[in-house]
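This report describes one predicted model. Look at the sequence and the structure first, then read on.

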Amino acid sequence: MATKDLSAYDINSVPSAENMTFGIVVAEWNWEITSALAKGAVATLKKHGATDENISVKYVPGTFELPLGGQFFAEMANIDAVILLGCVIQGETRHFDYICEGVTQGTVDLNLKYNKPFIFGVLTTNDEQQALDRAGGKHGNKGDEAAITAIKMVSLQRSF
Ligand code: DLZ
């Protein structure tokens, strides 16, 4: 799968998601962008066979809250993989750095603690245009890519 441009990925290289269950956590901050990521992720999961009943979408206020939202899924539902979707845009203060550090380490911790895939679908950009370019714009939709990564990781886990 191409990492820069999803239009180049080989659809046949993606396993069927027919019997897989997914949680998606979406940050409400930068909603125009995160809602586009979520739309892409859901459409891609369904394109590969996931059913509506097997996709659960929940919302958290900001990207910083994504790991806890993911943990709620891990603790409370029978979910094969969780996709975390957010968008952090560089501002004038160091808030950007703290949010990015928190969500990154939090996501790593979830993967290892629960031994299941928590997919990092967070855009970390210098400005809004860069984010729009990656949420259905000229660089594709990173929500699609997160969905494919989730399917592949569930399939990998099942292969062991
Ligand atoms: C506070 C804040 C700021 C300044 N910027 C963003 C951002 O660009 N993207 C995002 O998802 N969230 C942002 N937030 C909110 C934090 O993620 C978090 O919701 C608050 O700090 C409360 O914990």
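Contact here means that heavy atoms lie within 4.5 Å. This being a predicted model, every value below is computed from its atoms.

**Helix α5**

Helix α5 covers residues 142–159. At 1.5 Å a residue, its 18 residues should span 26 Å, and the end C-alpha atoms are 26 Å apart, so expectation and model agree. At the start of α5, a side-chain oxygen of N141 comes to within 2.7 Å of the backbone nitrogen of G143.

Buried means under 20% relative accessible area. In α5 the buried residues are K142, G143, E145, A146, A147, I148, A150, I151 and V154. The cover over these buried residues includes the strands β1 (22–27), β3 (81–89), β4 (118–125) and β6 (140–141), and also α1 (31–47).

**Strands β1 and β2**

Strand β2 (residues 55–60) pairs with β1 in the parallel sense, over six bridges. I24 has V57 in β2 as its bridge partner. From β1 the chain passes through α1 to reach β2, and this β-α-β crossover is right-handed.

**The ligand**

Around the ligand are W29, N30, G62, T63, F64, E65, C87, V88, I89, H95 and I99.

Note on methods: Residues are numbered from 1 along each chain as its sequence is written. This is a predicted model: local features need pLDDT of at least 70, side-chain atom pairs count only at pLDDT 80 or more; totals for chains, interfaces and linings use all residues. Side-chain values use heavy atoms; hydrogens and water are left out. Helices (H or I, at least four residues) and strands (E, at least two) are DSSP runs, numbered from the N terminus. The expected span of a helix is 1.5 Å times one less than its number of residues. Buried means under 20% relative accessible area, exposed over 50%, partly exposed in between (1.4 Å probe, protein chains only). A polar contact is a pair of N or O atoms within 3.5 Å; within protein, one must be able to donate a hydrogen and the other to accept it, and residues adjacent in sequence count only if both atoms are side-chain atoms. Two strands pair if DSSP finds at least two bridges between them. A crossover is right-handed if, with the strands pointing away from the viewer, the path from the first strand over the helix to the second runs clockwise. A residue is near a molecule or strand if one of its heavy atoms lies within 4 Å of it.
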